[in-house]
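Please keep the sequence and the three-dimensional view at hand while reading.

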Amino acid sequence: MDIRTLCLGILSLGDTTGYDIKKMVAEGAFSFFSEASYGSIYPALTKLTEEGLVNCRTEAQENRPDRKVYSLTAAGRTTLETALAHSPKPDKNRSEFLAALLFAEAVAPNRIDVLIDDRINHHHKQIALLRSLLENEDGEAARFVLQYGITMQEAATRFLEENRFALNAKTPA
């Protein structure tokens with residue numbers, strides 16, 4: 001999903017700041033399917049504002065710089081609906097982990113063990129994070145996406161645990 005559609009989608013959930021959008025994308029449920037930096041979010045919000053798809057208001061804060069709060073316009077909602085009417089592109093699975101395993105024969109078996117153990121631990125942390133997000137989520141669509149993410153992480157963990165021996169890593173107990 002492009003950054004424009006992502007920003008419009010997040011704003012469809014309610015008014016928010018560019019900082020909060022970045023936080024949702026970096027640490028929240030959006031972090032599992034999208035990447036965006038401040039360097040891409042703020043220019044997108046500026047352009048969306050210029051195009052009349054987003055409104056921006058300034059709110060004063062005590063002892064801090066004013067903050068810009070963005071909201072979706074009717075035209076922005078229509079643009080979002082149009083963008084979401086098209087089928088998304090297929091998922092891209094780019095993984096440095098899988099690239100490293102592709103060349104497993106070139107590294108010592110104990111290094112493979114470490115790679116797989118680290119990835120399993122990473123999946124466990126992601127599952128815990130997604131479950132904590134799920135506990136605080138009331139939206140039906142967001143709950144669906146979080147549950148999907150948990151299922152994907154659990155499947156990856158299960159595959160690694162059940163098949164690690166195929167690369168001469170730790171044999172099953």
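Leaving aside its neighbours within four places in sequence, with which residues is R67 in contact? Apart from those neighbours, R67 is in contact with T17, D20, R57, T58, E59 and Q61.

**Confidence of the model**

- The average pLDDT of the chain is 88, and 93% of the residues score at least 70.
- Confidence is lowest in helix 2, where the mean is 84, and highest in helix 4 (residues 74-85), at 95.
- Where pLDDT is low, the predicted coordinates should not be read in detail.

**Helix 1 and helix 2**

- Two packed helices are described by the angle between their axes and the distance between the axes.
- For helix 1 (residues 3-12) and helix 2 (residues 18-27), the packing angle is about 105 degrees and the axes are 11 Å apart.
- An angle from 65 to 115 degrees counts as roughly perpendicular, so helix 1 and helix 2 are roughly perpendicular to each other.
- On the side of helix 1, the residues that meet helix 2 are L6, C7, I10 and L11; their partners in helix 2 are I21, M24 and V25.
- The residues of this contact between helix 1 and helix 2 comprise 7 nonpolar, no polar and no charged.
- A26 also belongs to helix 2, and A26 counts as partly exposed because its relative accessibility is 43%.
- A26 and L160 are 134 residues apart along the chain, and their C-alpha atoms are separated by 26 Å.

**Helix 7**

- Helix 7 (residues 140-163) has 24 residues, which at 1.5 Å a residue should span 34 Å.
- L146, G149, I150, Q153, T157 and L160 are the buried residues of helix 7.

- R67 is found in strand 3, and R67 is partly exposed because its relative accessible area is 32%.
- R67 and R57 lie 10 residues apart along the chain, with 8.3 Å between their C-alpha atoms.
- T58 lies in strand 2, and T58 touches D66, R67 and K68 when residues up to four places away in sequence are not counted.
- Between T58 and K68, which are 10 residues apart in sequence, the C-alpha to C-alpha distance is 4.6 Å.

**Loop residues**

- N63 is placed in the loop between strand 2 (54-61) and strand 3 (64-72).
- Phi of N63 is near 60 degrees, a positive value in a residue other than glycine.
- Is N63 buried or exposed? N63 counts as exposed because its relative accessibility is 75%, and the cut-off for exposed is over 50%.
- T73 occupies the loop between strand 3 and helix 4.
- T73 counts as buried because its relative accessibility is 13%, and the cut-off for buried is under 20%.
- Leaving aside neighbours within four places in sequence, T73 is in contact with G52, L53, V54 and N55.

Conventions: Residues numbered from 1 in each chain as written. Predicted model: local features only at pLDDT ≥ 70, side-chain atom pairs only at ≥ 80, totals over all residues. Heavy atoms only, no water. Helix = DSSP H or I, 4+ residues; strand = E, 2+ residues; numbered from the N terminus. Expected span 1.5 Å × (residues − 1). Buried < 20%, exposed > 50% of the residue type's maximum accessible area, 1.4 Å probe, protein only. Axes fitted to C-alpha atoms, helices over the stretch in contact; angles between N-to-C directions. Parallel < 35°, antiparallel > 145°, perpendicular 65-115°, else oblique. Contact = heavy atoms within 4.5 Å. Nonpolar A, V, L, I, M, F, W, Y, C, P; charged D, E, K, R; others polar. pLDDT = per-residue confidence, 0-100.
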